[in-house]
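Please read them with the structure open.

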Amino acid sequence: MGDSLLQGIIANTRRSADGLYGDGQFYAFTDSGVWLLRFSNGRWNAQQSATRASMRRPGQMVATSDAVAFISLRGLMLLKGSTCTCLSDPLRGHDSTLQHLPHHGEALATEPALGTLPLPLPEWTGEFMDDAQLAYDAATDRLWLFTCHDTPMLVYSLRSGAWAMATHAPRDILQDGNDTWWTDQHEGCRKVSRLKQHMGERHAVALVTRPLALGLRHIAKTVERMLVRGLFCHQGSSGSHIGVVLYGSNDLCQWHIVGSSAHQYLRRRRGTPFRWFRVMAVGSLRPGETLEGVSFVYQKR
């Protein structure tokens, strides 16, 4: 394409202008940016530049339900029509490891499956992006970034706009209208199973939020009550279980434990006021259950 090297072509799932749907049906990825391809006069023409961000390595792109995601030198990008945004900017400037949180080992030890969690966790570095592969899970509307090495993977939820890490390989979800299936590697062979056959299995989860100012930046406050919200149900020993640890800090470097609970709620906590808070949730969930948010009741000091 002119003096640019073509890296790949992918279908556009969102209209790019005020015209008819499908105006600019394909994206052409080059080493100098992304171009919209339009069909006119019996041929495809690159008539409009969607973004000057180029793909980091050929093949690092995937189409979602209404956009196209790709990995560039800046990070994970999402292209909708002619609007391009960087999804990985929130990962910069925040420590993604658990090393600086006091007594994080005791919290993870409450779930035996988390005892083998490798530390430190992978960070958003150039080495990780060079080897990363990109996949889209249409059932959960999530983007997976993983490598061929045995390392945790980065997951981005397009629904909530939140980042997470996972230690198991992404599974391909198939839906036939009546049931949900998933495919996975088993002893070197591809295996397809009904998702509902595994509804009784529980999976260990660990969630750590980014520093939260609770709407009052640089103002000291004390948390009186906290609740982790989500779609999960406690049913004795066979049900789900979530425990929480609340951390506070005044400088985003030194973190202190405010309180902990064996359940998803923390009550009757006052003590020393802090400007920033982080929440660690550790437990187990069944397939289909999720953690959605955290609610706070606090007082300014």
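1. Basis. This is a predicted model, in which local features need pLDDT of at least 70, side-chain atom pairs count only at pLDDT 80 or more, and totals for chains, interfaces and linings use all residues. Residues are numbered from 1 along each chain as its sequence is written, and side-chain values use heavy atoms, with hydrogens and water left out.

2. Terms for the strands. Strands (E, at least two residues) are DSSP runs, numbered from the N terminus. Two strands are said to pair if DSSP finds at least two bridges between them.

3. Strand E2. Residues 26-30 make up E2, and four of the five are buried (buried means under 20% relative accessible area, with a 1.4 Å probe and protein chains only). E2 runs antiparallel to strand E1 (residues 6-11), with five bridges joining the two. Ala11 has Phe26 of E2 as its bridge partner.

4. The other partner of E2. Strand E3 (residues 33-40) pairs with E2 over five bridges, again in the antiparallel sense. Two residues link E2 to E3 in a hairpin. Across this pairing, Leu36 in E3 stands opposite Tyr27.

5. Strand E6. In a regular strand the side chains alternate between the two faces of the sheet. E6 (residues 68-71) is covered on both faces: Val68 and Phe70 are buried on one side, Ala69 and Ile71 on the other.

6. Neighbours of E6. Strand E5 (residues 61-63) is antiparallel to E6 and joined to it by three bridges. Ala63 is opposite Val68 of E6, and the hairpin of E5 and E6 has four residues between the strands. E6 also pairs with strand E7 (residues 76-80), antiparallel and over four bridges. Here Met77 in E7 is the bridge partner of Phe70. The hairpin of E6 and E7 has four residues between its strands, and Gly75 there takes a positive phi near 150°.

7. Gln60. A polar atom of the Gln60 side chain lies 3.1 Å from the backbone nitrogen of Arg57. Please check these positions in the viewer.

Notes
Buried < 20%, exposed > 50% of the residue type's maximum accessible area, 1.4 Å probe, protein only. Polar contact = N/O pair within 3.5 Å; in protein donor to acceptor, adjacent residues only side chain to side chain.
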